[in-house]
Amino acid sequence: MIDLRSDTVTRPGAAMRAAMAAAEVGDDVMGDDPSVLRLQARTAECAGKEAGLFFPTGTQSNLAGIMAHCGRGDEYLVGQLAHTYKYEGGGAAVLGSIQPQPIEHADDGSLPIARLAAAIKPLGDPHYARTRLLALENTCHGRVIPQDYIVEAAAFARRHELGVHLDGARVCNAAAATGKSIADLCAPFDTVSICFSKGLGAPVGSVLVGSRALIDGARRWRKVLGGGMRQSGVLAAAALYALENNLQRLAQDHANAERLARGLAEIEGVTVNGQATNMVFVSVAPEHSAPLGAYAAGQGLAINPVYGAAMRLVTHLDVSEADVDRAVGIFKSYFATQA
């Protein structure tokens with residue numbers, strides 16, 4: 001089965017499984033799992049930050065990061081399409097009593113400074129939640145957010161005494177696409193959540209990086225949120241293997257996505273709306289969505305027929321160039337039957 005539903009579907013290969021089997025472990029809640037400590041230190045170094053903290057999921061890593069910045073009755077500024085607002089269960093509001101203030105995105109995925117400025121609440125006025133944090137995302141639905149904008153937005157936030165958090169679930173894809181280092185991309189932020197279970201191919205896990213003080217605060221929230229794991233070095237070993245072996249190959253995922261977009265663009269009945277990093281967004285007539293999904297599944301291709309207003313196809317380490325060509329062929333054969 002060729003699976004283009006997401007880059008979260010990757011499976012650990014033999015070398016990663018061997019690293020997991022050989023992992024030296026301790027009790028991470030007590031702070032003495034050596035594999036976790038190595039992963040945290042290595043990720044923090046890679047991102048140019050003081051400290052890191054291993055989480056089972058990116059959702060929990062983002063939430064603990066937001067809670068390290070904000071208290072009850074505070075708010076964070078966030079994009080309307082951002083994962084930390086739209087796709088993570090409303091956790092900041094539900095579990096942190098932190099109000100999200102959603103901002104409409106610009107066409108490039110950024111949050112215009114003027115819209116951010118208009119959303120900040122007056123200091124000292126008890127009618128309002130206290131604006132404490134700006135949360136950005138990079139990549140955002142596959143798009144790399146311009147670094148010049150990020151630097152400007154972070155400077156704006158600090159002028160208003162706001163913290164700055166990055167949902168960097170795919171920041172490694174952003175680094176691969178731009179040629180910039182992960183540290184350069186993370187430099188403007190106080191905290192960054194970096195995911196290992198997407199394009200990097202680990203089975204689970206994210207690391208929150210930032211200053212030692214903020215990470216110490218997030219450690220308490222990790223425990224409260226149920227993220228305190230014991231011999232989690234078995235999982236950390238997979239993430240560490242991914243960090244050390246799978247960064248450079250992300251460029252191949254991007255090349256495969258470009259190849260997929262080119263092939264689909266030649267098919268009558270398919271409209272390619274855009275391609276960015278490892279994601280391709282396409283549209284088909286509504287009456288074809290469900291039948292196309294069923295046909296593709298029968299031919300050995302897993303897709304989500306609907307993703308918002310379009311179909312999202314995602315390349316990853318388990319999708320080869322030959323798989324891309326086969327996927328294009330399946331789309332082509334489906335629409336040939338509809339002619």
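Analyst: **The domain interface, and beyond**

Domain 1 and domain 2 bury about 1,100 Å² between them, and carbon and sulfur atoms give 60% of that (buried area being the accessible area, 1.4 Å probe, that two parts lose on being put together, summed over both). On the domain 1 side, the trio of His 141, Asn 173 and Asn 246 supplies 39% of the area buried against domain 2, more than any other three residues. Keep in mind that this is a predicted model: local features need pLDDT of at least 70, side-chain atom pairs count only at pLDDT 80 or more, and totals for chains, interfaces and linings use all residues. Numbering runs from 1 along each chain as its sequence is written, and side-chain values use heavy atoms, with hydrogens and water left out.

Where do the two domains sit along the chain? Domain 1 covers 14-246 and domain 2 covers 249-337, with bounds from an automatic or database domain assignment. Taken over C-alpha atoms, their centres are 29 Å apart. Domain 1 puts 14 residues into the contact and domain 2 puts in 13 (contact: heavy atoms within 4.5 Å).

As for what holds hands across the boundary, there are zero salt bridges between domain 1 and domain 2 (a side-chain nitrogen of Lys or Arg within 4 Å of a carboxyl oxygen of Asp or Glu). Two residue pairs are in polar contact between the domains, both at pLDDT 80 or more (N or O atoms within 3.5 Å, a donor with an acceptor within protein; residues adjacent in sequence count only through side-chain atoms on both sides). The side of domain 1 that touches domain 2 splits into five nonpolar, seven polar and two charged residues (Ala, Val, Leu, Ile, Met, Phe, Trp, Tyr, Cys and Pro are nonpolar; Asp, Glu, Lys and Arg charged; the others, Gly among them, polar).

His 141 is buried at 14% relative accessible area (under 20% is buried, over 50% exposed, in between partly exposed; 1.4 Å probe, protein chains only). Thr 139 belongs to the loop between β5 (130-137) and α7 (147-159), and the peptide bond joining Asn 138 to Thr 139 is cis, with omega about 0°. For context, most residues other than glycine have a negative phi, and most peptide bonds are trans. Ser 97 also has a positive phi, about 55°; its loop runs between α5 (91-96) and β4 (99-103), and Ser 97 is partly exposed at 28%.

Salt bridges do turn up elsewhere: the structure holds twelve. Asp 74 and Arg 130 pair up at 2.8 Å, N to O. Asp 74 is in strand β3 (residues 74-79) and Arg 130 in strand β5, so the pair ties together parts 56 residues apart in sequence (helices, H or I, at least four residues, and strands, E, at least two, are DSSP runs numbered from the N terminus). Asp 74 is buried at 2%, whereas Arg 130 is partly exposed at 42%. Arg 132 joins Asp 74 and Arg 130 in a network of salt bridges.

Another bridge links Asp 325 and Arg 259, also at 2.8 Å, N to O. Asp 325 is in helix α14 and Arg 259 in helix α12 (residues 250-265), so this one ties together parts 66 residues apart in sequence. Both ends are partly exposed, Asp 325 at 37% and Arg 259 at 28%. By contrast, Glu 45 and Arg 42 meet at 3.7 Å, N to O, within helix α2, three residues or about one helical turn apart. Glu 45 is exposed at 57%, while Arg 42 is partly exposed at 31%.

Helix α2 (residues 34-47) also contains Ser 35, which is buried at 4%. Leaving aside residues up to four places away in sequence, Ser 35 touches Ala 23, Glu 24, Gly 233 and Ala 236.

Finally, back to helix α14 (residues 321-337), which includes Thr 337. The Thr 337 side chain reaches the backbone oxygen of Tyr 334 at 2.4 Å and makes a polar contact with the side chain of Gln 338 at 2.9 Å.
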